[in-house]
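I opened a notebook for this structure and wrote down what I looked up. The entries follow in the order I made them.

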Amino acid sequence: MRTLLTLVFCLTFLAICARAQDITGLEKIGPVASFTRSANAVTLSCADGSQVQLTVLAPDLIRVRASFAKPIPARDHSWAIAKESWNTPQWTLNQSVDSLTLTTEEIETVIQRSPLLISFRDARTHELINADERPMMYDAKGTLTGIMFDPKAGMFVAAAKKLGFDEHFFGLGEKAARLDKRRGSFVNWNSDTPGYSEGKDPIYQTIPFYLGLTHGSAYGIFFDNSYRSYFNFGANSQERAWFGAEGGELNYYFFYGPAIKKILSRYADLTGHMPLPPLWALGNQQSRWGYYPDAMVERVASEYRKRDLPLDVIHLDIDYMNGYRVFTWNPQRFPKPKELTQQLAKQGVKVITIVDPGVKYQPRSSDAREQTSQPELGPQDKSYYVFDQGLARNYFQHRRSGELFIPKVWPGESVFVDYTLPEARRWWGDLHRAYLDNGVAGIWNDMNEPSDFVDQIGKNQLDVISYDEGEKSSHAKNRNVFALLMARATYEGLQKLRPDRRPYVITRAAYAGIQRYSTMWTGDTNSTWDSLALNIPMFTTLGLSGEPFVGSDVGGFMGRGNGELLVRSYQVSFLAPFCRNHKVIDSYDQEPWRFGKYYEDIIRKYLKLRYRLLPFLYTTLEEAHRTGVPLFRPLLLNYQEDENTYNLDDEFMIGKDLLVAPILKPDITRRLVYLPQGVWYDYWTNKKYQGGKVISVDAPLETVPMFVRGGSILPLGPEMNYVGEKALEPSFVVYPDDGGEATSSLYEDDGLSPAYGEGVYRRTSVRFSDKQKQIQISLNAPEGTFKPEARSITFLISTDLSPRSVVLDGHSIQHAGPGDKGWSKEAGTLMIRVADDGQAHKIEIQ
Ligand code: MIG
């Protein structure tokens, strides 16, 4: 028995090891033979005919591009890159017998000539940040072809880095894994993985960007290669972390912080900043595979209103279409889509429709009639306008043999668009008229890995080629960017069709750069506690990978949930950017009321709180847009020096001010919470804690442990059931730090149009100080040209002080009744309300 067990163990172990690629036998790049220098780059020519180019993009950003056994190709193209021309910063190049050193203000890149090894040092301290463990490698002999999908695609390329003894790894986008990726091994190959759980890899998205963090100092590496790629953070080596891909160039960008926030900003500059979605995208959303006919959709909306539950958006899943034909409406289930969206709009509810990449393969029958001006509403049985047009213009994907590629998806036999064709993208974008004309507010892209029912991993697509700027390149190269380009076509289409509105797109699959076009959700999760617990490391990891607008099906997608799980799930998602309850077809229902009043009441409390916190959420979302720093954060993003935060998978922060520690297991009503250094206030009781330790707190089902950082001022808005129901009259709730100080700012704009990009916004900054019982509040003159309606601003301060008078700009103001301007003191809270007249003000409390 023992030997049998040992055998089973050994075999399992071998199987696991075999999965991880062994790169140690690969050919190493040759030593440097000569080099040339240009205004922004050094190009090394190696003894084996290889070339390496190091380009200085910014003081903290160096690009490394290697071509093996041949010169660097002239074509330099990536769908991920948003910014191609950089103002070259000051840099110098020094050479010695052994090495070349390329120095910017922040990074010292040392290139050892033989063997060719690159290391990055801090230019100020000369401390090592990251170093090659061996020269860059390529699969010259084709030893790794066994794992390759398409030998024509190219050869395996890899870079190995020294693994720090204390190094932690974060990022890689959407991974069903914990926050710290150290000792992990990951693959990127966009895959439809319904019901995935922790450890499933790859799943839907590819974001080949990671952060390394050692003792508070971070660097980032973006390996911009869309082939199936591998990342290994010391999974089977004590010395080595490595990354590689089954083709293409060894092409990576090296970012130096040491602050992670700075790296994320640079990454956003390079791959694009997330534009702001409409404000209502932060509202509560409801979805269900199976919401049909139209009366059912109206029923759900009116149920929400009847029950006084906030709701901004309802999603229509694939059931709205005519025989799953994209850009059509089902004449029986949704005969009058425009009336439906108008009806819902009266209740403040917007509609989002799902759009899959699969276009039904439907050759036109000979007796088909001419199309009407609204082909989306007409019959589709004799001819289907989308197929007809795409075929006539040759926009669909082909196999290498020249035959049309016909995968099987929801409509049955289908075709996919070649989104690498610019005209095809424009055409696809224009097709969205079929939705916008009928009042649809946003688009949900699903199945865009692209999923094919013939096989989930893309075997059936291996010989599909894409135009790719005339290169006619392989599926191996293009699969991982398919969703990025589909989302781009969608975003640009919405922008063109409705230029005065911000596009709102949601996608399942992605490649780096997706944040320019789309938000995301984490696909087909399970209605289980394990799946819920994965939400937090997945959201925080996505945030560290350049995707700030994230969420997961609230309550879980597959399987039957229950009231407790649904409540705990809302206690995570009520602060996630994308808060949408969604459920698979034919499974037990999951709307907030499905498990009874007790649970519904708790869910209502959290949804209402989300709407009160919208000004705070929107302010942090705008920060994500501007700086690339996400709103849903792991603690380490705010406390990078604090090693206690590096493995926290069960707490998160929103912005820098709110810390949440949800319950992620059944039957638990108390938990330990780690609070970083500083002062913290229990959001519910106002009890003050000193951080830098673990505390134990109560967490009955009604309560998610939530703490406010001392030193912050939370901007709150009115309670409401949808965005725009009430005008924003901001209240600032003050939480002073140990020194009695607190600061905050509030960002606002029209919430709908792109005018914020031209300065039509308003940023209000507030400062509070309480020194020796001398309380002062200063309100800066707001920044930006956006003008809200006449309104007041309220300050709420928890204090034991009983003021004699409150002085505004030198004049004492009146004692006020509820709702009036002036001041009052009740139950330990001092309330001060002043007119918001767009001027700077100073308030003193005596
Ligand atoms: O093959 O459109 O992840 O949210 O409800 C399943 C039906 C296709 C997968 C999505 C899910 C959606 C479902 N879709």
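Which residues in α12 meet which residues in α13? I noted Arg610, Tyr611 and Arg612 in α12, which meet Leu614, Pro615 and Leu617 in α13; contact means heavy atoms within 4.5 Å. By class, this contact has four nonpolar, no polar and two charged residues. Ala, Val, Leu, Ile, Met, Phe, Trp, Tyr, Cys and Pro count as nonpolar, Asp, Glu, Lys and Arg as charged, and the others, Gly among them, as polar.

Before going on, I recorded that this is a predicted model, in which local features need pLDDT of at least 70, side-chain atom pairs count only at pLDDT 80 or more, and totals for chains, interfaces and linings use all residues. Residues are numbered from 1 along each chain as its sequence is written, and side-chain values use heavy atoms, with hydrogens and water left out.

**Helix pairs**

I looked up the geometry of the pair above. Helix α12 covers residues 597–612 and helix α13 residues 614–627; their axes come within 5 Å and cross at roughly 55°. Helices (H or I, at least four residues) and strands (E, at least two) are DSSP runs, numbered from the N terminus. Axes are lines fitted to C-alpha atoms, for helices over the stretch in contact, and angles run from 0 to 180 degrees between N-to-C directions. α12 and α13 are therefore oblique to each other. Angles under 35 degrees count as roughly parallel, over 145 as roughly antiparallel, 65 to 115 as roughly perpendicular and the rest as oblique.

I then turned to helix α10 (residues 529–543) and helix α11 (residues 563–573), whose axes are 10 Å apart at an angle of about 5°. That makes α10 roughly parallel to α11. Trp529, Leu532, Asn535, Ile536 and Phe539 in α10 meet Glu564, Leu565, Arg568, Ser569, Val572 and Ser573 in α11. I sorted this contact into six nonpolar, three polar and two charged residues.

**Ligand**

I found 13 residues around the ligand, of which Asp317, Asp446, Arg508, Asp524 and His582 come nearest; a residue is near if one of its heavy atoms lies within 4 Å. The shell divides into eight nonpolar, one polar and four charged residues. For polar contacts (pairs of N or O atoms within 3.5 Å), I noted an N or O atom in the side chain of Asp317 at 2.5 Å from a ligand oxygen. A polar side-chain atom of His582 lies 2.9 Å from an oxygen atom of the ligand, and one of Arg508 lies 3.0 Å from a ligand oxygen.

**Backbone**

The peptide bond from Asp201 to Pro202 is cis, with omega near -5°. Pro202 sits in the loop between β13 (185–188) and β14 (205–206). Glu449 and Pro450 are also joined by a cis peptide bond, and Pro450 lies in the loop between β27 (442–445) and β28 (464–466).

Definitions and conventions:
A polar contact is a pair of N or O atoms within 3.5 Å; within protein, one must be able to donate a hydrogen and the other to accept it, and residues adjacent in sequence count only if both atoms are side-chain atoms.
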